[in-house]
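Have it open while you read.

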Amino acid sequence: TITPELLDREGVSFSRAIDTLKSKFGIKDSVFASWGAYDVSSIERNCRWNSIDSVIPRHVINVKSLFAACHGYTGGLDSCARDIGLEFEGTHHRGKDDSRMVARVLLSLMK
């Protein structure tokens with residue numbers, strides 16, 4: 001659902017997104033959680049391409065692997081969330097919506 005027109009209207013450069021991440025959330029003592037390892041490697045690769053210091057903190061939680069350890073299987077974020085009684089809110093594969101869903105799944109696994 002992300003189109004070139006949407007990017008022209010609402011998008012920001014990678015370096016601006018990283019600056020916002022640093023200023024809004026900080027990274028020094030944070031924990032990064034993602035569904036799988038792709039997001040971490042993608043952010044690190046883009047930081048290298050843009051000559052930006054990595055913003056990935058020392059502590060990373062792979063929620064997909066944690067889900068698999070707890071439930072004995074894994075799959076996509078939306079289907080695993082549904083399997084534990086969580087309804088996906090927003091648009092799947094949109095950063096903000098996926099981030100919120102990963103956080104909800106992580107909180108559920110921590111209970």
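1. Which residues lie nearest the centre of the largest pocket? They are Leu 21, Arg 94, Gly 95, Lys 96 and Ser 99, out of 47 residues that line the pocket. A word on what you're looking at: this is a predicted model, where local features need pLDDT of at least 70 and side-chain atom pairs count only at pLDDT 80 or more, while totals for chains, interfaces and linings use all residues. Residues are numbered from 1 along each chain as its sequence is written, and side-chain values use heavy atoms, with hydrogens and water left out.

2. How "pocket" is meant here: on a 1 Å grid over the protein atoms alone, a pocket is an open set of points where a 1.4 Å probe fits, with protein on both sides within 12 Å along at least five of seven lines, and lining residues have an atom within 4 Å of a point. The largest pocket holds about 2100 Å³ of space, a volume being the space filled by probe spheres set on the points, which are joined across faces, edges and corners. Helix H1 (4-10), helix H2 (14-25), strand S1 (31-34), helix H3 (38-49) and helix H6 (95-110) each give two or more residues to its lining. H6 supplies the largest share, 8 residues.

3. By type, the lining of that pocket splits into 24 nonpolar, 15 polar and 8 charged residues. For that count, Ala, Val, Leu, Ile, Met, Phe, Trp, Tyr, Cys and Pro are nonpolar, Asp, Glu, Lys and Arg are charged, and the others, Gly among them, are polar.

4. On the overall fold, there are 6 helices and 2 strands, running α-α-β-α-β-α-α-α along the sequence. Helices (H or I, at least four residues) and strands (E, at least two) are DSSP runs, numbered from the N terminus. The C-alpha trace spans about 40 × 35 × 20 Å along its principal axes. Of the 111 residues, 26% are buried; buried means under 20% relative accessible area, exposed over 50%, and partly exposed in between (1.4 Å probe, protein chains only).

5. Asp 97, Asp 98, Met 101, Val 102, Val 105, Leu 106 and Leu 109 are buried in H6. These buried residues pack against S1, strand S2 (59-62), helix H4 (63-71) and H5.

6. Asp 78 sits in helix H5 (residues 77-83). This residue is partly exposed, at 25% relative accessible area. Setting aside neighbours within four places in sequence, Asp 78 is in contact (heavy atoms within 4.5 Å) with Phe 88 and His 92.

7. Now some backbone angles to check. Most residues other than glycine have a negative phi. Ser 51, in the loop between H3 and S2, has a positive phi near 55 degrees and is exposed, at 71% relative accessible area. His 93, in the loop between H5 and H6, has a positive phi of about 75 degrees though not a glycine, and counts as exposed at 61%.
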